[in-house]
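Have a look at the structure first, then read on.

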Amino acid sequence: MSTATDRDAPATLVALINSLNPDVASVLEHALAGGDISVEQADTLFATAGPEFTAMTMVADELRRRSVGDLVTYVVNRNINFTNVCIKRCGFCAFSRDFREEEGYFLPVNEIIRRAKEAQDYGATEVCVQAGLPPQMEGDLYIRLCEAITEELPDMHVHGFSPEEVLYGSIRSKCTIREYLQGLKDAGVGSLPGTSAEVLDQELRDIISPGRITVDQWIEVITNAHDLGIPTTSTVMFGHRETNAQIVRHIALLRDIQQQTGGFTEFVPLSFVASEAPMYLKGTVQDVRSGPTGMDVIKVHAIARIMLNNWIPNIQASWVKEGSRMSQLLLTAGVNDLGGTLINESISTSAGAMHGQLMRPSEFRAMIREAGRTPAERFTTYGIRRVYSDSDEALDPLDLVGDNVEEIFGSYNQLVQMDSYRFEHPRAQRERNTVQQTV
């Protein structure tokens, strides 16, 4: 049996582990010795409480230190959710609108470009482009958006299009997933968000999001993207109807994929935001929890670090979901990244998240320093753009934005009320054009 001292763990941690239940102690010792813990061992960690819970978080923090050191990273980016109209009816989504509703919007290409340019002016190196799935969408829409952004802003990283969107684009284009991904790569996409994963358990998906991309299809998109040299993130959404065992199997599946492809840049646990989610608010799905507890949040991040440390070095806390206080606390439980500034974050905000539409770089740096760590701005794929010393107080353009965030960048609530961007169904467009031609 390996011992906690095999990799020079702190003496206080070794002493604590040696005082634990032998089953928990053996799992933590195995992880500290550099081993990959099994699904069964991860299940054991989910049941921890008291000193065992404390030891688990300390092990996650120690593995983080060994893997990536004391840098905590963030990226300056902007979200461009170009439409909220969607043909799917996922129980957890409060962002999407049916095309018949009055709040459906669709941003034209010139407005998307304007927002990307504005982001660059404020120091962003990335735009995150995701949206709903509009009915009868032109199949090459995502490809044309990439081409337009990269033509105008060749240095801007396009982090865009979830596996669900890639699947939809391929269906509308009548091509294979791989062919569509190649088209996106040729158009300039730099990476894909690994969202639309929720929990990769088909039985659960059929309950909370029937008709959504299947587990097999999600894997097909991700593995083909990696094979084509397109990196992706990876995520899990928890705190709704899932079990601990389903979370663990989900993380283990991501680990298996990473062992084969090496294409994941990070893992991001995403807490379910219940307040405006239909399956909770309207009771469309039975037995839905109101989101994870604080203990749940810490456990998922810590266990993710322990399971993935040898394969996915970056564990990210979502400040939009967790808030700045919990995100800062998670820096002691295996987390080494705080995500992006997220100008105009809409999806979590529309679901009821209360943590704002912008995190200024100086706020990130203050959080990180208060946790005793070193802040660093990164690029999308984790190359370091700048490391900030304790005495480095230089301000970024976004730091100069005051409380008038919505006045400068707009908001989701404003956008859904704007007639100038009102979504028009392609069928209605064709009918209107026909009438105009005959007049």
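R65 is partly exposed at 39% relative accessibility (buried means under 20% relative accessible area, exposed over 50%, partly exposed in between, with a 1.4 Å probe and protein chains only). Keep in mind that this is a predicted model, where local features need pLDDT of at least 70, side-chain atom pairs count only at pLDDT 80 or more, and totals for chains, interfaces and linings use all residues. Residues are numbered from 1 along each chain as its sequence is written, and side-chain values use heavy atoms, with hydrogens and water left out.

**Salt bridges**
- The structure has 25 salt bridges (a side-chain nitrogen of Lys or Arg within 4 Å of a carboxyl oxygen of Asp or Glu).
- R65 pairs with E62, with the closest N and O atoms 2.6 Å apart.
- E62 is buried, at 5% relative accessible area.
- The two sit three residues apart in helix α4 (residues 51-68), so about one helical turn separates E62 and R65 (helices are DSSP runs of H or I, at least four residues, and strands are runs of E, at least two, numbered from the N terminus).
- D201 bridges to R249, the closest N and O atoms being 3.5 Å apart.
- That pair links distant parts of the chain, 48 residues apart: D201 is in the loop between β5 (189-191) and α9 (202-208), and R249 is in helix α11 (residues 244-261).

**Strands**
- Strands β2 and β3 (residues 126-129) run parallel, joined by four bridges (strands pair if DSSP finds at least two bridges between them).
- N77 has E126 in β3 as its bridge partner.
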